[in-house]
Structures are given as structure tokens and as C-alpha cells.
Amino acid sequence: MTTATDPAQLARDAAQAVREFNHLTFPRPDQTPTFPYPGDAYDAIGAFKTLAQRLPQAIEQIGTALDVLATIGHLGSADGEDPNRHVAHVQEFLVTAMEQASGLAQCLDLAHSAASPLTYSGPDNGPEEEPCGEGMCQCSCVGVLHPCGCDCPRCSDCRQLPENCDCDD
């Protein structure tokens, strides 16, 4: 996660992350689906729901920052108008944006709930059994005892069975 002291940069990073999501998930008929399992879509909806739930506070805090700048007299206006008039307009739009973000969060919450019972019923595309070490056993390479994850009694250096191990103890 990026540590930044510029709140606007964090907002730009969030926008860029959504842009990258859009590029990654753009449907292409000649490729496998970006979301091969319904759980992937469920997780993405949940993440966007959380993002939308956080937007109203972020938007409100932008308005608060402008109010503080106006109160202490640190705002001007490039068009020569009263900056407080501009702040009032910004605040109106920000309130609408907060309301719409709350509505978006509610809709995404409903979509998230609606997606929760979906299960995958297509072909099993999981990892196949593969030989590990020198091919003396079969495993799916998941676990903690050896680099490949198998729990076969192999030397951690040469990956051989103990009777074939040439390593010095």
C-alpha cells in the first residue's frame, strides 16, 4: 500500500486502480474469462462495495477542507467572484455526490448478497497432480514441508528420498 502525504495522489491512485481493473476485465472472446469462478466476481463486488461505502466520508472531508480554507480567508477566485459563492456551489455538488455514493454502496451490497449463493459448475480446472522432486511421488505441490509443498520424506536440499540422498548431513 502506498504511503502518501498528498490526499489527492491517493485519490488518483484509486482512480488508476479502477482503470487497471477495467482494462484487465475487459471481455475478450478469444481469452478465458477474467472471473473464471463466481467467487471471483463476488470478491470484486465486495471490494467495490467497500470502496463505495468509504466515498461519502472522503467526499465530505474535501468539502470540510474547502470550508476551513474559506473560513481562515485562504481562498481566492480566478474569475474575480466571491470564493465563498464557489465553495457553496462545490458543497451542493459534493452533497449530491455523497448521496449517490451511498446509493451505489447500497446497490453493491445487494449485488454482493445476490451473488453469494452462486457456485461454479464447470470443468475442474484446478492444479493437476504433478511429479515433485525427482518424480518419485505425485503431489499437488501444496503444503509447508518442502519447497514444492509435498510431505514426502525427501531431503530438503537434493529432494531425493533418504536412501538416495547424496547430501552430507
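Trainee: Does glutamate 81 count as buried, partly exposed or exposed, and what is its relative accessibility?

Mentor: This is a predicted model, and here we compare a residue's relative accessible area with two cut-offs, under 20% for buried and over 50% for exposed. Glutamate 81 has 40% relative accessibility, so it counts as partly exposed. Its salt-bridge partner is arginine 85, with the closest N and O atoms 3.7 Å apart, and arginine 85 is also partly exposed, with a relative accessible area of 40%.

Trainee: How many salt bridges does the count come to, and which side chain does aspartate 6 meet in one?

Mentor: A salt bridge is counted when a side-chain nitrogen of Lys or Arg lies within 4 Å of a carboxyl oxygen of Asp or Glu, and by this rule there are three in the protein. The side chain of aspartate 6 meets that of arginine 12 at 3.3 Å, N to O; aspartate 6 is partly exposed at 34% relative accessibility, and arginine 12 is partly exposed at 44%.

Trainee: Which parts of the chain are linked by the salt bridge between lysine 49 and aspartate 109?

Mentor: In that salt bridge the side chains come to 3.4 Å, N to O, and the pair links distant parts of the chain, since lysine 49 belongs to helix H2 and aspartate 109 to helix H3, 60 residues apart. In space, their C-alpha atoms are 6.0 Å apart. Lysine 49, at 14% relative accessibility, counts as buried, whereas aspartate 109 is partly exposed at 32%.

Trainee: In what order do the elements of the protein run from the N terminus on?

Mentor: The order is α-α-α-β-β, which amounts to three helices and two strands. Of the 169 residues, 17% count as buried.

Trainee: How much space lies in the largest pocket, and which residues are closest to its centre?

Mentor: The general idea is that rolling a probe the size of a water molecule over the atoms shows where empty space is left. In this structure, the largest pocket holds about 880 Å³ of space. It is lined by 24 residues, and those closest to its centre are Leu10, Ala11, Ala14, Leu51 and Ala58. Helix H2 gives the largest share of the lining, twelve residues, and helix H1 (7–25) is among the elements that supply at least two. By type, the lining divides into 18 nonpolar, four polar and two charged residues.

Trainee: Which residues form a nonpolar patch on the surface?

Mentor: Val68, Leu69 and Ile72 form this patch, and together they have about 240 Å² of accessible area. Leucine 69, which is found in helix H2, counts as partly exposed at 32% relative accessibility.

Conventions. Residues numbered from 1 in each chain as written. Predicted model: local features only at pLDDT ≥ 70, side-chain atom pairs only at ≥ 80, totals over all residues. Heavy atoms only, no water. 1 Å grid on protein atoms, 1.4 Å probe; cavity = no way out; pocket = protein on both sides within 12 Å on 5 of 7 lines; lining within 4 Å. Points joined across faces, edges and corners; volume = space filled by probe spheres on them. Helix = DSSP H or I, 4+ residues; strand = E, 2+ residues; numbered from the N terminus. Nonpolar A, V, L, I, M, F, W, Y, C, P; charged D, E, K, R; others polar. Patch = residues over 30% accessible without salt bridge, like charges linked within 9 Å, V, L, I, M, F, W, Y side chains within 5 Å. Areas by Shrake-Rupley, 256 points an atom, 1.4 Å probe, with all protein chains shown as cover. Buried < 20%, exposed > 50% of the residue type's maximum accessible area, 1.4 Å probe, protein only.
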